[in-house]
Amino acid sequence: SGSPGNNGAGGKNGYSDYLIEEEEGLNDHNVVIKCAEIQTAISEGATSFLFTEYQYVGIFMVAFAILIFLFLGSVEGFSTKSQPCTYDKSKMCKPALATAIFSTVSFLLGAVTSVVSGFLGMKIATYANARTTLEARKGVGKAFITAFRSGAVMGFLLAANGLLVLYIAINLFKLYYGDDWGGLFEAITGYGLGGSSMALFGRVGGGIYTKAADVGADLVGKVERNIPEDDPRNPAVIADNVGDNVGDIAGMGSDLFGSYAESSCAALVVASISSFGINHELTPMLYPLIISSVGIIVCLITTLFATDFFEIKAVKEIEPSLKRQLIISTVLMTIGIGIVSWVALPSSFTIFNFGDQKAVKNWQLFLCVAVGLWAGLIIGFVTEYYTSNAYSPVQDVADSCRTGAATNVIFGLALGYKSCIIPIFAIAMSIFVSFSFAAMYGIAVAALGMLSTIATGLAIDAYGPISDNAGGIAEMAGMSHRIRERTDALDAAGNTTAAIGKGFAIGSAALVSLALFGAFVSRAAISTVDVLTPKVFIGLLVGAMLPYWFSAMTMKSVGSAALKMVEEVRRQFNTIPGLMEGTAKPDYATCVKISTDASIKEMIPPGALVMLTPLIVGIFFGVETLSGVLAGSLVSGVQIAISASNTGGAWDNAKKYIEAGASEHARTLGPKGSEPHKAAVIGDTIGDPLKDTSGPSLNILIKLMAVES
């Protein structure tokens, strides 16, 4: 039933009387069964990979939890005596052993929540992909709504989970800690560490998995054998589609959850030693959590604008609709924050600022959150401009494919470097404003502001991989050309929204790690970090090098895994008779296994690099050098991450632009298989590990090192 003839609504089901030709194969049951089969294969692959990954990560989690317990509890030989408080030596606080136990518990809570969020997101996405394909038979609007709603489910799930678990943990810990809020919120910090350390493995492991399959499938399928993307004859295609779910969805979910948990924790720690904590005012103390909860309500309203208030009729309305989501949520959220700041905060209060208290008004704190929120919107828009094929940057990259792959690569790299400029200014502005108003607390709430619309951000982000999968399923089920065109249009918008999601993750990671850096400097009692002392300066140099080392590891892992994949795919094409003709089925399982084994094996070294660096530097070289390392890795990591994810997104969309042939210019560059198109495919293949493995993992490197310190 793979032949295109079966998709027309022929008379074979007896419905030909009133079934219009363009309702393509709505009653063709074979297509539905085929889609269901493919969806089951993808779902099983993703589930089995995540379980394998979580087994390894579980062992690591337990080991790291024990380590945390030993490091924090070893004060005076695990004594159960009360200790003098960190910030106020005249009072007595709970013993270090208690802090160690509670930190370990909150670390495990964060880790489990992170894993569950990623896993449930993946489950939803694997249910949604085939449904999106089948809805595409009715038109592009229906398919869009299916994909978008599924993304929204994941976004709300994640935001709500993160908030709920954190709130419950705070209330349970309070039963023991009572009035010692400093100790309580220091123990809660483990929640952010747990969330991010799981995200690291999810992101790196998932990223290596998805890109090994993608690059392998592209190199043999599109470049050597000249068969289309996601062709069922290609043995790596199931692995490729599984990869979209484990890398982009499970990984992205854990990643944003980590940012969210850490910015909440950073804000709470600073607040606990400010007037809120000293005077035990619970409502303003939980201001960060209130912002997030208002964010969930705002995003609920925003989602209705995409699905219920405006119907999407044509392809060109997809991207504006997603962009509208960002604008509406930001505007509504600004109003929401204003109301919350007015109701929940006293009119003036003091914030801890490196040893002394700084007087702050409630409107200043409102501005801190708002500046983070709007910086996020700016980053989103700039990313969209540089990665969407509706604008000149991507069209220029596509145009450079005329003269081959080399110029395509040069233009693409230049585009990525250039796309750093405005986001960096946006981040710099928000840091300046929020720090001058409310010190480190201001930066932490600015990060929260950027993440307050996380549900909408994740909805438009998870929409990308879902529509990517839908296109793959359409191609594999042999559905007609028109449906593939619709899913391709959804997918091109998805590439852009995925890049926007990464932009948010990177921007918030920069703010979060700066806030955590401030918390670390206060906690380690370093009054100033002086660049001119050699200890700090060598730390800066080494720190700035770490993102490059980390990227080298992840890129090389993808390269070597893709090499194995290419060999396997070639072997199958050469040894299985009738594979090219479509009479024999390829062995998908072997390819899935190659990806799984490679990613599990290869995620350990980069993970170890990130987890061990702060420990080694801190123990052997002291806190001053470590403060330099943190600052260095933050400064260089942000640049690489932004440029890598935008370069990759732009190359991918330049290829889509040439394939879609929607404008005169695109048609001169040729149909699929022309020389410019081949050059574009090469750019896309190079961009894959950049945009999906090394770029997005870097923001976790930045945050994780700071929170661990």
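User: Is Glu664 buried or exposed in this model?
Analyst: Keep in mind that we're looking at a predicted model. A residue needs over 50% relative accessible area to count as exposed. Glu664 has a relative accessible area of 57%, so the word for Glu664 is exposed.

User: Which residue forms a salt bridge with Glu664?
Analyst: Side chains of opposite charge can pair when their charged atoms come close. For Glu664, the closest N and O atoms of the pair are 3.0 Å apart, and the cut-off for a salt bridge is 4 Å. The partner is Arg667.

User: How many residues apart are Glu664 and Arg667 in their helix?
Analyst: Both sit in helix α19, which covers residues 664-668. They are separated by about one helical turn because their spacing along α19 is three residues.

User: What about Arg571 and Glu568: which of the two is buried?
Analyst: These two side chains meet in a salt bridge, at 2.9 Å from N to O. Buried means under 20% relative accessible area. Arg571 comes out at 40%, so Arg571 is partly exposed. Glu568 has a relative accessible area of 10%, so the buried one is Glu568.

User: Which helix holds Arg571 and Glu568, about one helical turn apart?
Analyst: The two are three residues apart, so about one helical turn separates them. The helix runs over residues 534-575, and its name is α16.

User: What is the N to O distance in the salt bridge of Lys138 and Glu135?
Analyst: Lys138 is partly exposed, with a relative accessible area of 44%. Its side chain meets that of Glu135 in a salt bridge. From N to O, the distance is 3.1 Å.

User: Which element gives the most to the nonpolar patch?
Analyst: The patch covers about 790 Å² of surface, and among its residues are Leu67, Phe71, Ile616 and Phe620. Two elements, α1 (29-73) and α18 (604-660), each give two or more residues. With five residues, the top contributor is α18.

User: What is the relative accessible area of Phe621?
Analyst: Phe621 lies in helix α18 and is one of the residues making the nonpolar patch. A patch residue needs over 30% relative accessible area. Phe621 counts as partly exposed because its relative accessible area is 47%.

How values were computed:
Residues numbered from 1 in each chain as written. Predicted model: local features only at pLDDT ≥ 70, side-chain atom pairs only at ≥ 80, totals over all residues. Heavy atoms only, no water. Patch = residues over 30% accessible without salt bridge, like charges linked within 9 Å, V, L, I, M, F, W, Y side chains within 5 Å. Areas by Shrake-Rupley, 256 points an atom, 1.4 Å probe, with all protein chains shown as cover. Helix = DSSP H or I, 4+ residues; strand = E, 2+ residues; numbered from the N terminus. Buried < 20%, exposed > 50% of the residue type's maximum accessible area, 1.4 Å probe, protein only.
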